[in-house]
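Student: Could you walk me through this one? I'd like to start with the terms and then go strand by strand.

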Amino acid sequence: FYSDDGESLSRLVVSTRLGSSAEVYLYGATVTSWKCGGKERLFVSKQAKLDGSKPVRGGIPLVFPQFGPGDLPQHGFARTRVWTLLSAEEHGESVVVNLQLKDNEDTRASKWPYKFDLLYTIDLTETTLSTIIKYENVDSQPFSFTSLMHTYLRVPDIASTTVAGLKDVAYVDKIKGGTDLVEERDEVTVEANEDRVYVNVPGVVTVRYGDESIAIRRFNFKDIVLWNPWAEKAAEMADFGNDEFPQMICVEAGTVASEISLRPGQTISCGQILTCESLASSNL
Ligand code: BG6
């Protein structure tokens, strides 16, 4: 149930006996495909670089240890490092992939010089994709970080896509600015370049289109980032097609408005479970 594509293993393709599948690049441990109910659920740009020359524009890039711009390159270094494949195994009707990333000379020479050990577990069942990172501080000093799963969901049309679960949540609008913003809508729609950080989101966030939905359940991740570049931002990105923005929405689970802190020897596991649901069928 996994394959390599060349001299050195660069990606895994895993599938369950119940028909779902996923593809994972070791570069960034980026999940680039999740098929469930016979359909692709993740968006990857046709212009995405899949040769390790830049972060993958789509799928689920991992942001660590810095969200956004800062001392490190944008979104940190985890999405541009080659992770180590520890295992890929079938367990009954599910498939579990484990990948690892540790500090090395380069990360220790960076502005975030700590010793860390990340274990990334991707668990695929018939209707769910769960992605969990166990973060461990293996340094002799405490450290803090922000982290996020930058999930690009594929949608048939952004115009008829809604996001539920954000009502009454405070947010930061990275495009328009403003203070004391609170989401008032039950069903959030996106109609322009949108880049928002919803802070301390309490429960399940559900992306709906047609008679289908993707539910996003999180644990130990506090925030949700909502992003769509729309036409003008898309045109500025070399690795994003000008006409692709209606086919995607980023709903990103992470802790980015505050930091996660770990003492030496301490660990925390954070993750998301994406569930593919259909109103038309009872088993999806
Ligand atoms: C989002 C940020 O998470 O990622 C946006 O909120 C950013 O500000 C977007 O533009 C894409 O980032 P990048 O580095 O992959 O182009």
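Tutor: Two strands are said to pair if DSSP finds at least two bridges between them, and the elements themselves are DSSP runs numbered from the N terminus, helices being H or I with at least four residues and strands being E with at least two. This is a predicted model, in which local features need pLDDT of at least 70 and side-chain atom pairs count only at pLDDT 80 or more, while totals for chains, interfaces and linings use all residues. Residues are numbered from 1 along each chain as its sequence is written.

Student: Which strand does β17 join through 5 bridges?

Tutor: That partner is β18 (residues 212-219), which runs antiparallel to β17, and within this pair Thr206 stands opposite Ala215 in β18. The two strands form a hairpin with 2 residues between them, and Gly210 in the turn has a positive phi of about 55°.

Student: And what pairs with β17 over 4 bridges?

Tutor: Strand β12 (residues 161-164) does so, in the antiparallel sense, with β17 spanning residues 205-209; Thr162 is the residue that stands opposite Arg208 in β17.

Student: What's the strand order in the open sheet?

Tutor: The open sheet has 9 strands in the order β6-β7-β8-β9-β21-β18-β17-β12-β15, with antiparallel pairing. Its edge strands are β6 (84-91) and β15 (187-188), each of which pairs on one side only. Elsewhere in that order, β8 (residues 116-124) and β9 (residues 128-137) pair over 9 bridges in the antiparallel sense, with Tyr135 in β9 as the bridge partner of Leu118.

Student: Switching to Leu274: which strand is it in, and is it buried or exposed?

Tutor: Leu274 lies in strand β21 (residues 267-278). It is buried because 25 other C-beta atoms lie within 10 Å, where buried means 20 or more other C-beta atoms within 10 Å of the residue's own, exposed means 12 or fewer, and partly exposed is in between, with C-beta atoms placed from the backbone.

Student: What does Leu274 touch?

Tutor: Leaving aside residues up to four places away in sequence, Leu274 touches Thr128, Leu129, Ile214 and Ile216, a contact being two C-beta atoms, placed from the backbone, within 7 Å.

Student: Is β10 mostly covered or mostly exposed?

Tutor: Strand β10 (residues 143-149) is mostly covered, with 6 of its 7 residues buried. It pairs in the antiparallel sense with β5 (residues 62-63) over 2 bridges, and Leu148 in β10 is the bridge partner of Val63. A further 6 bridges join β10 to β20 (residues 248-262), again antiparallel, and there Phe145 stands opposite Ile260.

Student: Which residues are around the ligand?

Tutor: They are Pro55, Gln74, His75, His150, Lys174, Asp195, Val225, Trp227 and Glu252, each counted as near if its C-beta atom, placed from the backbone, lies within 6 Å of the molecule.

Student: Last topic, then: why does the chain's radius of gyration agree with a compact globule?

Tutor: With 284 residues, a compact globule would have a radius of gyration near 19 Å, and the chain has 18 Å, so the two agree; the radius is taken over C-alpha atoms, and the rule is 2.2 Å times the number of residues to the power 0.38. Buried residues make up 40% of the 284 residues.
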